[in-house]
Amino acid sequence: MAVASIQVSETPLVLYTLRRADDALILGHRLSEWCGHAPMLEEDMALANMGLDLLGQARELYSYAAKVEGKGNDEDKFAYLRDVRQYRNLLLLEQPNGDFAHTMVRQFFYAAFADLYWRAMMKSSDAMLAAIAAKSEKESAYHLRHSSEWILRLGDGTEESHARAQTAIDDLWAFTGEMFQVDDGERALIDAGIAVDPATLHSQWLKTVLSIVSEATLVLPKSDWMQQGGRSGRHSEHLGHLLSELQSMQRTFPGVTW
Amino acid sequence: MATPNTPLWEVFIRSRNGLAHKHVGSLHASDATLALQAARDIYTRRGEGLSIWVVPSSAITASDPAEKGMMFEPAESKIYRHPTFYDVPDEVGHM
């Protein structure tokens with residue numbers, strides 16, 4: 001790679017904002033990978049639309065992180081010039097698209113969480129975060145609706161769609177616990193009324209997930225062992241491949257524009 | 001890619017300033033709920049609409065193009081049906 005990665009001064013608020021921004025960028029990028037490959041044209045558009053929603057969220061969050069950090073970084077540098085270990089997204093969101101069921105289950109698990117999360121963040125004492133949350137909540141509400149409808153149809157559809165949906169749930173379940181974990185820095189922001197305490201959202205999230213999954217005649221795994229690491233930069237092997245594609249232009253031709 | 005067993009739906013949108021729902025196009029979806037979602041994603045991406053209707057294309061009964069003459073030509077010679085022979089007062093406004 002031709003361009004070195006940037007240094008980021010990860011104060012608690014910068015780190016907190018980057019984590020949400022990385023979530024949105026990485027999931028948005030994953031959805032964009034479906035463009036031209038979705039099972040039908042209608043779904044191709046829907047997935048790209050949701051990807052663009054997430055990209056918009058990422059841009060606002062990166063810009064805010066850059067402002068808070070005040071070290072001359074910007075949204076593009078955060079997106080294009082950080083290495084794998086500097087990314088702070090949830091492991092769930094970097095998991096490959098797999099089949100359509102995997103993509104929808106991943107979307108469903110996250111949207112059910114994100115919708116609650118943004119709604120809670122609208123009450124943040126940080127006005128900028130509250131404003132970003134207010135805009136994002138309407139988007140995540142639709143992502144939840146869209147993915148829920150698909151979970152119902154895949155689970156309660158054909159034998160094959162049911163089997164694929166159940167496999168996707170079994171494969172991705174262990175990545176859901178990370179959504180509800182916080183570290184000390186984030187805990188301080190929660191106490192200050194800036195950040196959202198995800199633990200307070202867990203029961204509602206589980207209720208939403210359980211009701212859709214049960215109605216879809218699917219089941220949640222019994223195991224409560226949860227994988228973690230993304231929030232502190234320890235990622236699965238998939239993220240490096242994703243970033244090599246996402247970053248290749250800026251790494252090869254620094255500062256290139258359309 | 002082929003989309004077997006997915007019925008066709010006609011989409012109608014009422015725009016921000018529009019008075020009635022207008023036909024905007026069609027799409028494939030397995031049921032009404034998904035058709036409504038797909039219509040939202042395909043036809044309102046640029047803020048076009050405030051309300052969407054989806055109707056199964058199979059529910060539409062259409063006139064036969066071969067009967068065009070019988071159906072529509074008799075109306076063409078009856079210009080007196082157009083309200084152009086009297087002045088509409090300005091106060092009436094939009095008609």
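Two residues are in contact when they have heavy atoms within 4.5 Å of each other.

## Basis of the model

This is a predicted model, in which local features need pLDDT of at least 70 and side-chain atom pairs count only at pLDDT 80 or more, while totals for chains, interfaces and linings use all residues. Residues are numbered from 1 along each chain as its sequence is written, chains are lettered from A and ligands numbered from 1 in the order in which they are written, and side-chain values use heavy atoms, leaving out hydrogens and water.

## Chain B as a whole

Among contacts in chain B between residues at least 6 apart in sequence, 44% join residues at least 24 apart. Chain B holds two helices and three strands, arranged β-β-α-β-α from the N terminus on. Helices (H or I, at least four residues) and strands (E, at least two) are DSSP runs, numbered from the N terminus.

The C-alpha trace of chain B spans about 55 × 40 × 20 Å along its principal axes. Of the 95 residues in chain B, 24% are buried, where buried means under 20% relative accessible area, exposed over 50%, and partly exposed in between (1.4 Å probe, protein chains only).

## Helix α1 of chain B

Helix α1 of chain B covers residues 32–43. Its 12 residues reach 16 Å from the first C-alpha to the last, close to the 16 Å expected at 1.5 Å a residue; the expected span is 1.5 Å times one less than the number of residues.

The buried residues of α1(B) include B:L34, B:I42 and B:Y43. The buried residues of this helix pack against α2 (41–69) and α6 (127–155) of chain A, and also against β1 (8–15), β2 (22–28) and β3 (49–56) of chain B.

## The largest nonpolar core

A nonpolar core is a set of buried Ala, Val, Leu, Ile, Met, Phe, Trp, Tyr and Cys residues joined through side-chain atoms within 4.5 Å. The largest one has 94 residues, and those touching the most other members are A:Y16, A:Y62, A:F109, A:Y110, A:W205 and B:L27. Helix α5 (residues 100–121) of chain A gives the most to this core, with 15 residues.

Leaving aside residues up to four places away in sequence, A:F109 touches several residues, among them A:L92, A:W173, A:M179 and A:W205.

## Residue A:L15

A:L15 lies in helix α1 (residues 12–32) of chain A. A:L15 counts as buried because its relative accessibility is 14%. Not counting residues up to four places away in sequence, A:L15 touches A:E10, A:R88 and A:D183. A:L15 and A:Y87 are 72 residues apart in sequence and 10.0 Å apart in space, C-alpha to C-alpha.
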